[in-house]
Amino acid sequence: MDKKLRVGILGATGMVGQRFISLLDNHPWFEVVTLAASARSAGKTYEEAVGGRWKMTTPMPEAVKNLVVMNVNEVEKVAATVDFVFSAVDMTKDEIRAIEEEYAKTETPVVSNNSAHRWTPDVPMVVPEINPEHFDVIEFQKKRLGTTRGFIAVKPNCSIQAYAPALTAWKEFEPYEVVATTYQAISGAGKTFKDWPEMIENIIPYIGGEEEKSEQEPLRIWGKIEDGVIVKAEEPKITCQCIRVPVLNGHTAAVFVKFRKQPTKEQLIDRLVNFKGAPQELNLPSAPKQFIQYLEEDNRPQVKLDVDYERGMGVSVGRIREDSIYDWKFVGLAHNTVRGAAGGAVLCAETLVAKKYIQAK
């Protein structure tokens with residue numbers, strides 16, 4: 001790419017906004033030129049606005065420290081400075097839906113980490129290795145919005161990244177019933193242990209709204225475009241429990257699966273390690289070289305050893321074994337704020353650039 005695309009981050013001071021900033025530092029295609037947040041941060045330098053709330057393990061990039069934060073609600077003003085935006089705003093769902101559409105209507109593509117538009121029928125919700133063809137629904141969305149280049153695209157919930165890729169790799173064996181329990185890191189709530197001392201040596205067996213997302217969002221990813229909207233798949237039926245555990249980064253899933261066509265363990269492993277998609281074929285900057293790794297050891301995957309596999313963009317699977325009630329069971333692990341949040345959105349944006357949906361204004 002001759003000239004980097006100018007990027008804005010909406011909700012730049014929060015944890016996901018910070019993750020976007022750290023991932024985009026020295027990105028070969030994108031340059032962060034605009035940071036926007038609430039009115040209370042507007043007018044301050046980014047370093048001042050964040051203060052002691054920088055939550056990444058790597059230092060704040062020098063390139064953003066002195067950028068003056070803009071007011072995210074001044075849509076026209078922010079949009080005029082960028083080619084597209086990443087959205088990680090902290091508002092009510094109705095407010096997010098409204099403001100993301102407002103940005104799209106300024107002819108500014110919005111790649112969102114938020115859940116507000118995940119079920120808007122003509123908004124693609126994409127894991128680029130799994131369903132990049134859903135980006136085709138953007139043409140119908142643009143007609144509705146009355147835009148020529150502005151649109152919204154979203155990535156799915158962080159919890160499903162630990163098991164939906166494996167189930168996709170096994171599609172030919174027709175999984176039809178799935179039981180999953182996810183063990184979710186505290187960064188998924190935008191927290192560190194410093195912010196949330198009651199999570200130390202504790203688990204909480206409830207995460208608001210998470211079980212419904214974990215059961216339904218994979219079906220939308222596996223759905224089809226019909227009459228200009230995405231119609232979700234009927235199977236596999238998924239039931240899920242979501243538990244908050246004392247881990248900083250990394251969502252683990254323990255999963256049980258029934259298949260219509262009986263695979264062998266060797267076939268299951270083969271399909272995982274050979275599974276690839278558009279990001280690998282296009283050699284996109286953030287794409288993991290190998291999307292899914294299979295670990296043979298009985299005690300893997302482990303958060304401490306495996307969460308940063310492929311810079312946090314890969315998925316780790318282990319413990320595939322036959323089950324006495326279901327056919328097979330396994331354990332999956334994915335980095336919730338990299339693959340599951342900002343990194344997944346960056347990979348979506350790279351795919352949209354490769355497909356010519358995002359271009360310089």
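I began with helix α8 (residues 210-221), which lies across β7 and β10 and runs at about 145° to β10. Here contact means heavy atoms within 4.5 Å, and angles run from 0 to 180 degrees between N-to-C directions of axes fitted to C-alpha atoms, for helices over the stretch in contact. Helices (H or I, at least four residues) and strands (E, at least two) are DSSP runs numbered from the N terminus.

I noted that this is a predicted model, in which local features need pLDDT of at least 70 and side-chain atom pairs count only at pLDDT 80 or more, while totals for chains, interfaces and linings use all residues. Residues are numbered from 1 along each chain as its sequence is written, and side-chain values use heavy atoms, with hydrogens and water left out.

Next I looked up the sheet, which is open, has 6 strands in the order β10-β7-β11-β14-β13-β12, and shows mixed pairing; two strands pair if DSSP finds at least two bridges between them. Its edge strands are β10 (237-244) and β12, each pairing on one side only, and the twist averages 20° from one strand to the next.

I then traced β7 (residues 175-184), which runs antiparallel to β11 (residues 251-259) and is joined to β11 by 8 bridges, with Pro 175 opposite Phe 259.

Last I turned to β12 (residues 292-295), which pairs in the parallel sense with β13 (residues 315-322) over 4 bridges, with Ile 292 opposite Val 315. Both faces of β12 are covered, since Ile 292 and Tyr 294 on one side and Gln 293 and Leu 295 on the other are all buried, that is, under 20% relative accessible area with a 1.4 Å probe and protein chains only.

Definitions and conventions
Buried means under 20% relative accessible area, exposed over 50%, partly exposed in between (1.4 Å probe, protein chains only).
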